[in-house]
Amino acid sequence: MDARQIPWVEKYRPSKLDEVAAQGNTVEVLRKSLKLANLPHMLFYGPPGTGKTSTILALCKELFGPKLMKSRVLELNASDERGINVVRKSIKTFAQLTVSAATPEDKQNYPCPPFKVIILDEADSMTQDAQGALRRIMENYSEITRFCLVCNYVTRIIDPVTSRCSKFRFTSLDRNSALARLDYIRSNEGLMCEDGVLDLLLHAANGDLRKAITYLQSASMFHQGAAENGMEVDSTTVTMESVQEITGLVPESVIEGFLQLTESIDVDTIKRAVEDAVNDGWSATQILSQFHDTIIQNSLIGTNAKTEISLLLSRIDRCLTDGADEELTLLDLLVQCAEIRSKY
Amino acid sequence: MLWVDKYAPKTLKDLDLNDNLTDRLKSLAYSEDLPHLLVYGPSGAGKKTRVSAVLHALYGNSARNVKLESRTFAATASRKVEFTLIVGPHHFELTPSDLGPNNDRIIIQELIKELAQSNQVTKSAHRFRVVVINEADTLSRDAQAALRRTMEKYTTSLRLVLVAQSTSNIIEPIKSRTLQIRVPAPDYESITRVLNRVAQEERISPVPLPEELLAKIFAQSGRNLRRALLSLEAAVSVLPGDQQIVVSNSTTVPPADWREVITEIAQMIIKVQSASQLLAIRGKYYDLIAHCIPPRIIIKTLLTELLTRVSSSKKPSIVTAAALYDHRIQIGNKSIFHLEAFTAKVMNVLEH
């Protein structure tokens, strides 16, 4: 496969604990355990794209080194079948296996502690039964096997399992460290960006570094392709415009326009604006979420009005998820919003 | 041949709307790699035209060489499902509504696996083949979740092109794995440009077409190019003349007959608000449904008609009612109930 096709998310996945962006405390604790060459069972939780999977993979690599990792680490994620049968068979079998011997060479370079690691990625999508089956396995084979559960919602993991793990919370990346990482990738790929492009990427990705990196790669792919065909696009400079298109963000002017329309109840004007927006192909859910951001940050709208609008937004979101007509639903949203604002 | 098909652009070079987008597609199609695509936009904006142009750019003329294939597929041990799909030498094209909501997951998985595991036999410029999924927003959640893994696993031999009206019903993981391409509906200038070009080819005079006629066609089309072309063809087809067809500002553009029925319904609602009137309107609704006009289109068109006829203080409640009953039609089963309820609600609003 040609190098260009490797997703940058994989290419720039940190291979050492030190490379993991932000997450100070967690990494600190893990580094200590690395020195002691011992691990508890672990539960990583936090929003997507904050480095949970990267951290555990990097940790394993530092513990075992690339060669030994193959026989010592089992990684399962939600796309693998993980019903109760798999827990009973594959996971149990792997947990029971005797620890493979490390070569002297590996021993010299890596701690190579005498246990295996089972990583259960996206563990919150495992069924309750499957998690229940894990309970005893975790205890029985704790001498030779450590579990690391990775999930977004810690509440979906049953209590008996959480109480067997030490929990690590991953926080949303702060802007600076995320920006630094993106900038590192950008310069490594020899890419130039207009001012503000990286900021926009982060904003669109909403704290999810993985998403931001994927967007950056899409943008660069577009520019490179364009240059190869002798088009008049600068191959190495990513423009604000292309990022806006790739991320599917609705331009602020459209959202601001909507907000202004809700200042008075003029159904006909609102209808025309909504028709235009829908015809331009903007997705209603995207409009809804950006509209929400604008409303919340707007200081001119009173608290009472905001409360009522929040209720309205929740209902509208429900309708859109059920597949109601986008145009009618948006129209309803704006008209009702205007009514609420006229009341206060 | 309808003008819509006759003058549809065949290759990327022929595309004449949305130049920015065309450049973007060219740059993707001519580079050696193509990401998974999610093409979205309102109907009549040219999504499929663009997809088929991209396929043409990828595989040349053989991409046009397609046939309809009917397959049977064992959904469970005892139950067999039959479905049809369009098969080309390098691509599949399928529409989930043909597959049925309960089977789409299994069928998509099987098809994609079959395609991914066999390599290209015929020679082509690319190692991968393309699966086009139309109406991707109607895919069930299960099917979308199943795609998620397949998209990553078979990237070497397979590219997906999802075509959807809106991205609202597409799950986040798929959106983040695809390059999203928005196809906006053409504006007035673009539509008039196309209409004028077609008029010239069809020897209609005068070219450019009269301003008022264009305005009439545009108003009826709702920025839908396909509908605009059909309107023009319909308007011209009733005019006499063999060699040279002459149009003028007064040329009538016949509105679709179902629209007229809906206009009538709107007038009836505004004239009298009573139970007997509701009964009369009900007959019309049944008529429309029997002629295969989707109930949700009825409600939307009816709203537009009503809004032009009622006082502005009543408008907000009517809009809310329309949105509510449209939602109910979507999740409910028997749409006539909701159409009637909407009518009753509007009558109620008008009376007070």
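Helices here are DSSP runs of H or I with at least four residues, and strands are runs of E with at least two. On that basis chain B of this predicted model has 15 helices and 9 strands.

Q: Why is Glu264(B) called partly exposed?
A: Buried means under 20% relative accessible area and exposed means over 50%, with partly exposed in between. Glu264(B) has 35% relative accessibility, so it counts as partly exposed. The residue is found in helix H11 (residues 257-271) of chain B.

Q: How do you know that the length of helix H5 of chain B agrees with its number of residues?
A: The expected span is 1.5 Å times one less than the number of residues. For the 14 residues of H5 (residues 104-117) this should be 20 Å, and the end C-alpha atoms are 20 Å apart, which agrees.

Q: What makes the buried residues of H5(B) line one face of the helix?
A: The buried residues of H5(B) are Asp104(B), Ile107(B), Ile108(B), Leu111(B), Ile112(B), Leu115(B) and Ala116(B). Seen down the helix axis, they fall within an arc of 145°, so they line one face.

Q: Why are E3 and E4 of chain B said to pair?
A: Two strands pair if DSSP finds at least two bridges between them. Strand E3 (residues 80-87) and strand E4 (residues 91-94) of chain B are joined by 2 bridges, and they run antiparallel. Ile86(B) has Glu93(B) in E4(B) as its bridge partner.

Q: What makes E2 and E7 of chain B edge strands?
A: The open sheet has 7 strands in the order E2-E3-E4-E5-E6-E1-E7 (chain B), with mixed pairing. Strand E2 (67-74) and strand E7 (179-182) each pair on one side only. Neighbouring strands of the sheet are turned by 25° against each other on average, direction ignored.

Q: What makes a set of residues a nonpolar core, and which members of the largest one touch the most others?
A: The members must be buried residues of listed types, including Leu, Ile and Phe, joined through side-chain atoms within 4.5 Å. In the largest core, of 59 residues, Phe291(A), Ile269(B), Leu302(B) and Phe342(B) touch the most other members. Helix H16 (residues 326-343) of chain A gives the most to this core, with 8 residues. Apart from this core lies another, of 54 residues, with Cys193(A) and Leu200(A) among them.

Q: Which residues beyond four places in sequence are in contact with Ile269(B)?
A: Ile269(B) is in contact with Ile281(B), Leu302(B), Leu306(B), Thr343(B), Val346(B), Met347(B) and Leu350(B).

Methods:
Residues are numbered from 1 along each chain as its sequence is written. Chains are lettered from A and ligands numbered from 1 in the order in which they are written. This is a predicted model: local features need pLDDT of at least 70, side-chain atom pairs count only at pLDDT 80 or more; totals for chains, interfaces and linings use all residues. Side-chain values use heavy atoms; hydrogens and water are left out. Buried means under 20% relative accessible area, exposed over 50%, partly exposed in between (1.4 Å probe, protein chains only). Contact means heavy atoms within 4.5 Å. Axes are lines fitted to C-alpha atoms, for helices over the stretch in contact, and angles run from 0 to 180 degrees between N-to-C directions. The arc is that of the directions from the helix axis to the C-beta atoms.
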